[in-house]
Amino acid sequence: MRTTDLGKVRATLWAAADELRANSKLTPVQYRDPVLGLVFLAYAENRFDGVRSEVEANRSPRNPAEPADYKAKSVLYVPDESRLSHIVDLPEGHDIGKAVDEAIKAIEAANPELKDILPRGYQKLERATLIELLRLFAPLPAQLSGDAFGFIYEDFLSNFAAQEGKGGGEYFTPYSIVRLIVEILEPFQGRVFDPACGSGGMFVQCAKFVERHHESASRKLSIYGAEKTDDTVPLAKMNLALHGLSGEIRQANSYYEDPHMAVGAFDYVMANPPFNVDKVKKDQIAGDRRLPFGVPKADNANYLWIQQFYAALTDSGRAGFVMANSAGDAGHSEKDIRKQLVETGAVDVMVAISSNFFYTVTLPVTLWFLDKAKSGTPREDTVLFLDARHLFHQIDRAHRDFLPEQIEFLANVVRLYRGENVETEADSGALLAENFPDGKYTDVAGLCKIATRAEIEAQGWSLNPGRYAGTAATDEDEEDFAIKLEELFEEFTRLSDEAVDLRAKVDVAVQGILDA
C-alpha cells in the first residue's frame, strides 16, 4: 500500500472510530482499551495469515500445524475463534461482546506471553457500537501490511491521549519529541531502559531508528521498562508486539523500586518522567545507589529522576530525557547535584523546546542528553546548548510538533558537534547550508553554542540553553528576566493544575454529603 493511501486509511479509521465513541455513552478512557485490543487482533490475524500457507505446506491432517510452528517464525498463533473475520460473521442473535471476550481468552491461551496484556470487558460495550467497530476493523488484515498496524496503533494512542488531556500525557509522549531524542541518542545496539515507559513509544522509535539504518531491531536491541500505572503496562506490551518487538516491561514505582537492577546496567536510557512531583517519601530512598549525588532537600522529584538516568548508564552509555525547564536553573541542593553532574563530564547536549508540544503541559521543556563515553575525548569539558524554541510546525492553535527536516537538522547540529557525518534523507540540507555553510560546526547566535565547564560555572552551573545560545542581541538582564518569568509561569501552571484537581475532589465530597 502506498504511503498516501495508508495516510488516508489511518485518518479514516480514527474518524470513524471517534464518531462511534461520540455517539456512545463511553468516555475516551473507557473506549481506548477495547479499540486498541481490536487493532491488536487485526494485526495478529494479518501476520498469521501471512505465513499460514507456508507453515501448513509442511504439515498434514494427521500432523497439523501447532502454535510452536508459528512462534518459530515470530508470529502469534490465532485460533479460528480469535479471528475478527470469524467474529464479524457470527449470526445476528449471537452475544458479540461475549464472543470477543472469548476470542481474547483463546489467543492468550495459545500464546502465554500475551497473558494479562489484552483488554477484557467487551460485553460491557453497547452492542451497536461493538458491531460497528468490528465492521471497521475486520477487513484490515486482508488490506494492510504489518507495519501499517503499528502506525494505526500509534495514531490511536496519540489521539486518545489528546482527548484525555493531562491523563493522556501520562502514558504518551508526542512522536516528534521521541524521534528527536532518538536521533540525538543514536541507539544502534545494546540494552535500552525507560523507567517511566508509559505506552512504550521510546522503545518503538529506537527500533525504527535501527531499521532506518538497515539493521534488525529485534536482534540489536534489548528492551527494559518500568511503569507505575497498572493499566498502562498492557498498552506498552501491545505496542511492542505490534511492532514485532518484545521486552521486559514491569509494573513498578521507580522512585522506590528497581526491578531491573539498573545501576550501571544500560547502554541507553530514555524517558519522559512526570515533572515536579512532590511528596516522594525520602526516608524510603535514603542510601539508594541510584542517587549517587544525594537526595535533594527540595520537595521535588526532578533530580531524583535525573540521577536515576545517570546511574543506570554503563561507562559508555548515553541518556536522553525530557525535563521541566526549571530543573536547569534550580537552586540550593538541586544546584549542588547539577554541579556534581556537570563535573563528571557526562552532560553532553541540552536542547530547549518551545511551548505546546505536550498534552500535559503547555510550557516549554528542555531535553537533556548525557554521554559517559565523552570522558577522555575533546568534548569532555564542554556542553552543546541548542535553542530550538523558534523551530516548530504549528498543528493548530494549541499544539505544535517538528517537521521531519527540523528533527534531522537539530540532530545534525549535534552530529557536527560530535564530529559525525550528517544525514539528509529528510531534506534538512537547506537548513544545514543556511546555518553551517562550510559543513563544519560553529556557534550560531540564537541557535547553538558550545560552552566550557568554566563558562557553565560562571553562569552558576545553569544548564538553561537560553543563557548560552540565546539571540545575539538579547541583553543579559532581559535574558535573566525571561528565564525567571518562565520559571514563575511554570510554577503558576503547576499550582493551577493542582487547584483544578483539588476543586474536583471538593465538588465530589460536597455532592456526596448533599446526596446522603
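Tutor: What follows is a walk from the nonpolar core to one helix and then along the residues after it. Please keep in mind throughout that this is a predicted model.

Let us begin with the largest nonpolar core, which has 60 residues, and in which Leu 38, Leu 84, Phe 137 and Phe 156 touch the most other members. The elements that each give two or more residues to this core are α1 (3–22), α2 (28–57), α4 (84–87), α5 (96–110), α6 (127–137), α8 (146–164) and α13 (233–242). The largest share, 13 residues, comes from α2. To see what such a position looks like, consider Leu 38, which, when its neighbours within four places in sequence are left aside, is in contact with Leu 84, Val 100, Tyr 122, Leu 130, Leu 133, Leu 134 and Phe 137. Apart from this core lies another one, of 53 residues, among them Val 182, Val 192, Ala 388 and Ile 407.

Just after α13, Gly 244 takes a positive phi of about 70 degrees.

Further along we reach Arg 250, whose place is in strand β3 (residues 248–251). Although Arg 250 and Lys 228 are 22 residues apart in sequence, their C-alpha atoms are 8.6 Å apart in space. Beyond its neighbours within four places in sequence, Arg 250 is in contact with Gly 225, Ala 226, Glu 227, Pro 259 and His 260.

Two loop residues complete the walk. Met 261 lies in the loop between β3 and β4 (266–271), and its phi is near 50 degrees, a positive value in a residue other than glycine. Asn 276, found in the loop between β4 and α14 (302–311), is likewise not a glycine and has a positive phi of about 55 degrees. As for accessibility, Met 261 is exposed, with a relative accessible area of 63%, whereas Asn 276, at 12% relative accessibility, counts as buried.

Notes. Residues are numbered from 1 along each chain as its sequence is written. This is a predicted model: local features need pLDDT of at least 70, side-chain atom pairs count only at pLDDT 80 or more; totals for chains, interfaces and linings use all residues. Side-chain values use heavy atoms; hydrogens and water are left out. A nonpolar core is a set of buried Ala, Val, Leu, Ile, Met, Phe, Trp, Tyr and Cys residues joined through side-chain atoms within 4.5 Å. Buried means under 20% relative accessible area, exposed over 50%, partly exposed in between (1.4 Å probe, protein chains only). Helices (H or I, at least four residues) and strands (E, at least two) are DSSP runs, numbered from the N terminus. Contact means heavy atoms within 4.5 Å.
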